[in-house]
Amino acid sequence: MEPSELLTQARTRSIDPADPLETLSAAITLSDELSRDTDALLDLAVRDARSAGASWTAIGERFGFSKQAARKRFSPPFAGRQLANRRKKRDAACSFCRQTPGPRSHMVHGEAGRICGTCVSLASDIVADLAKRR
Ligand SMILES: [Zn+2]
């Protein structure tokens, strides 16, 4: 699929297609889903090739890397990439409550972290309460 088609898809999922940051949030979610799907595709194809008796050397050649790299990447089953995906998901999550971005969770990105709409609203209530007490 063309990147422009994917962007269109992200816009249709965006809670506010007129807001480029909401479209970006939807694009991040879509990108995470797509990378999970392509990882799963390769995992299945490698598993099939291994079941059919293909060597790690032959599998590595198809990817353009060594037998050791092929084995490391795909065996034990996908542990490395699962960890990488978990890290990627964690890195996209709210720095305060760990909520991950999604169609219903707004995320404001800052230089050192992210904050979700729920935490913004909670923080806003706390600040308003503090202001009242003065
Ligand atoms: Zn949060």
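**Entry 1: E22**

I looked up E22 to start. E22 sits in helix α2, which covers residues 20-51. I am working from a predicted model. Is E22 buried or exposed? Its relative accessible area is 12%. Buried means under 20%, so E22 counts as buried.

Next I listed what E22 touches. I skipped its neighbours within four places in sequence. That leaves contacts with S14, I15, D16 and H106.

**Entry 2: the whole chain**

I stepped back to the chain as a whole. How many helices and strands does the protein chain have? I found six helices and two strands. Reading from the N terminus, the order is α-α-α-α-α-β-β-α. The radius of gyration is 21 Å, while the globule rule gives 14 Å for 134 residues. The value is well over the rule, so the chain is more spread out than a compact globule.

I then checked the box around the C-alpha atoms. Along the principal axes, the box is roughly 75 × 30 × 20 Å. Of the 134 residues, 24% count as buried.

Residues 24 or more positions apart make up 27% of them. The accessible surface comes to about 9,500 Å². Carbon and sulfur atoms hold 57% of that surface.

I counted 22 positive and 16 negative charges in the protein chain. Their mean positions lie 9 Å apart.

**Entry 3: the annotated domain**

I turned to the UniProt record, an unreviewed entry. The record places "domain: ClpX-type ZB" at residues 82-134. In the model, this span is 53% helix and 11% strand. Its end C-alpha atoms lie 49 Å apart.

Which residues carry the UniProt feature "binding site"? The unreviewed entry names C94, C97, C116 and C119. They are spread over 26 residues of sequence, yet they cluster in space. The largest C-alpha distance among them is 8.3 Å.

I took three of these cysteines one by one.

C94 lies in the loop between α5 (79-92) and β1 (107-109). Its relative accessible area is 0%, so C94 is buried. Leaving out residues up to four places away in sequence, C94 touches Q99, M107, R114, I115, C116 and C119. I checked the M107 pair by distance too. C94 and M107 are 13 residues apart along the chain, and their C-alpha atoms are separated by 7.1 Å.

C116 belongs to strand β2, residues 114-116. At 1% relative accessibility, C116 is buried.

C119 is in helix α6, which runs over residues 117-133. C119 has 11% relative accessibility and counts as buried. Its contacts, again beyond four places in sequence, are C94, F96 and C97.

I put the lists side by side. C94 has both C116 and C119 among its contacts.

**Entry 4: V120**

How far is V120 from M107 in space? I read 9.2 Å, C-alpha to C-alpha, for a pair 13 residues apart in sequence.

**Entry 5: R98**

I looked at the backbone of R98. R98 is in the loop between α5 and β1. Its phi is positive, about 70°, although R98 is not a glycine. Most residues other than glycine have a negative phi. At 42% relative accessible area, R98 is partly exposed.

**Entry 6: L7**

My last stop was L7. L7 lies in helix α1, residues 3-13. It has 37% relative accessibility and counts as partly exposed.

Terms used: Residues numbered from 1 in each chain as written. Predicted model: local features only at pLDDT ≥ 70, side-chain atom pairs only at ≥ 80, totals over all residues. Heavy atoms only, no water. Helix = DSSP H or I, 4+ residues; strand = E, 2+ residues; numbered from the N terminus. Rg over C-alpha atoms; globule rule 2.2 N^0.38 Å. Buried < 20%, exposed > 50% of the residue type's maximum accessible area, 1.4 Å probe, protein only. Contact = heavy atoms within 4.5 Å. Areas by Shrake-Rupley, 256 points an atom, 1.4 Å probe, with all protein chains shown as cover. Lys, Arg positive; Asp, Glu negative; His and termini not counted. Charge placed at Lys NZ, Arg CZ, Asp CG, Glu CD. UniProt positions renumbered as here; feature names shortened; annotations may be inferred.
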